[in-house]
Amino acid sequence: MQAWIAEASAAIRNAGAMTLATVKPDGRPSARMVICRGFDATAGWFVFYTDRESAKGEALTAHPYGALVFHWDAFERQIRVEGPVTLAPDADSDAYWGARPPDARAAATASAQSHPIASRAALVAKVREAAARFTGAIPRPERWGGYRVWAERVELWVGQPARVHDRACWTRSLTRAGDGFTGGPWTATRLQP
């Protein structure tokens, strides 16, 4: 899996783009693209950052489980990940926030993500206002931070001729440990396409 991500990152713009599927508070599914900003192969989590008061944040508060899909058509490869979701530590969120460009920090500070606004002009005005409000570095809003998706199921897919695709799945049980999880041993299963 690490090799696939590294290979895709070397050849494809936004190779870290992944679909995040969640369940909204009303029980309906919802999916959107987010950017994977890191993963820990040993612990088994993937991290992305967002406004926690957004639609995805509300969904993850109501149902703290998610599914991710990385799809690289150029390589005919796909990775699927499913598991529980936790908040990333504040120190990680602070570090990532500090690495973002100032204009991105101003936009994230100004935008009440997923909430209505009268017009694009109103949004641009809010972003300018946020940028002007701070003379130094823009601090990370409390509502903004990372989420970790802890892998309890991983599937790798490779496209093959005549639809005889190669699919394999690994599963493990997770046990809650502090702010995250520890995983048991992985069990592998080959799947039919």
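Helix H2 (residues 55–62) has its buried residues covered by a set of elements that includes strand E1 (17–23), E2, E4, strand E5 (65–72), E6 and E7. Helices and strands here are DSSP runs, with at least four residues of type H or I for a helix and at least two of type E for a strand, numbered from the N terminus. The buried residues in question are Lys 56, Gly 57, Ala 59 and Leu 60. They sit on the same side of H2, because their arc around the axis is only 160 degrees; the arc is taken from the directions that run from the helix axis to the C-beta atoms. Buried stands for a relative accessible area under 20%, exposed for over 50%, and partly exposed for what falls in between, using a 1.4 Å probe and protein chains only.

The model is a predicted one, in which local features need pLDDT of at least 70 and side-chain atom pairs count only at pLDDT 80 or more, while totals for chains, interfaces and linings use all residues. Residues are numbered from 1 along each chain as its sequence is written, and side-chain values use heavy atoms, with hydrogens and water left out.

Helix H3 (residues 90–99) can be looked at in the same way. Its buried residues are Ser 93, Tyr 96 and Trp 97. These cover an arc of only 100 degrees around the axis, so they lie on the same side of H3. An α-helix has 3.6 residues a turn, so residues three or four places apart point the same way. Ala 91, Ala 95 and Ala 99 are exposed on the other side of H3. The cover over the buried residues of H3 includes E4, H4 and strand E7 (144–150).

Trp 97 turns up again in the surroundings of Pro 141, which is in contact with Trp 97 and Thr 109 once neighbours within four places in sequence are left aside. Contact means heavy atoms within 4.5 Å. Pro 141 belongs to the loop between helix H5 (120–133) and E7. With a relative accessible area of 12%, Pro 141 counts as buried. Asp 94 is 47 residues from Pro 141 in sequence, yet the two are 9.7 Å apart in space, C-alpha to C-alpha.

Another loop, the one between E4 and H2, holds Glu 53. Glu 53 is partly exposed, at a relative accessible area of 47%. Not counting residues up to four places away in sequence, Glu 53 touches Glu 58, Gln 113, His 115 and Arg 143. From Glu 53 to His 115 there are 62 residues in sequence and 9.2 Å in space, C-alpha to C-alpha.

Arg 77 lies in strand E6 (residues 77–87). Its relative accessible area is 17%, which means that Arg 77 is buried. Beyond residues up to four places away in sequence, Arg 77 touches Trp 4, Glu 7, Phe 70, His 71, Trp 72 and Trp 157.

Then there are the pockets. On a 1 Å grid over the protein atoms alone, a pocket is an open set of points where a 1.4 Å probe fits, with protein on both sides within 12 Å along at least five of seven lines, and lining residues have an atom within 4 Å of a point. Grid points are joined across faces, edges and corners, and a volume is the space filled by probe spheres set on the points. The largest pocket has a volume of about 260 Å³. It is lined by 13 residues, with Tyr 49, Thr 50, Arg 100, Gln 113 and Trp 144 the closest to its centre. Strand E2 (29–35), strand E4 (45–51) and helix H4 (102–110) are the elements that give two or more residues to this lining. E4 provides the largest share, three residues. By class, the lining of the largest pocket comprises seven nonpolar, three polar and three charged residues. Nonpolar covers Ala, Val, Leu, Ile, Met, Phe, Trp, Tyr, Cys and Pro, charged covers Asp, Glu, Lys and Arg, and polar covers the others, Gly among them.

The second largest pocket holds about 200 Å³ of space. Of its 15 lining residues, Met 1, Ala 41, Ala 151, Val 154 and Trp 186 lie nearest the centre. Strand E3 (38–40), E4 and strand E8 (153–158) each supply at least two residues of that lining, which has 11 nonpolar, two polar and two charged residues.

As for the whole protein chain, it contains five helices and 12 strands. Buried residues make up 38% of its 193 residues.
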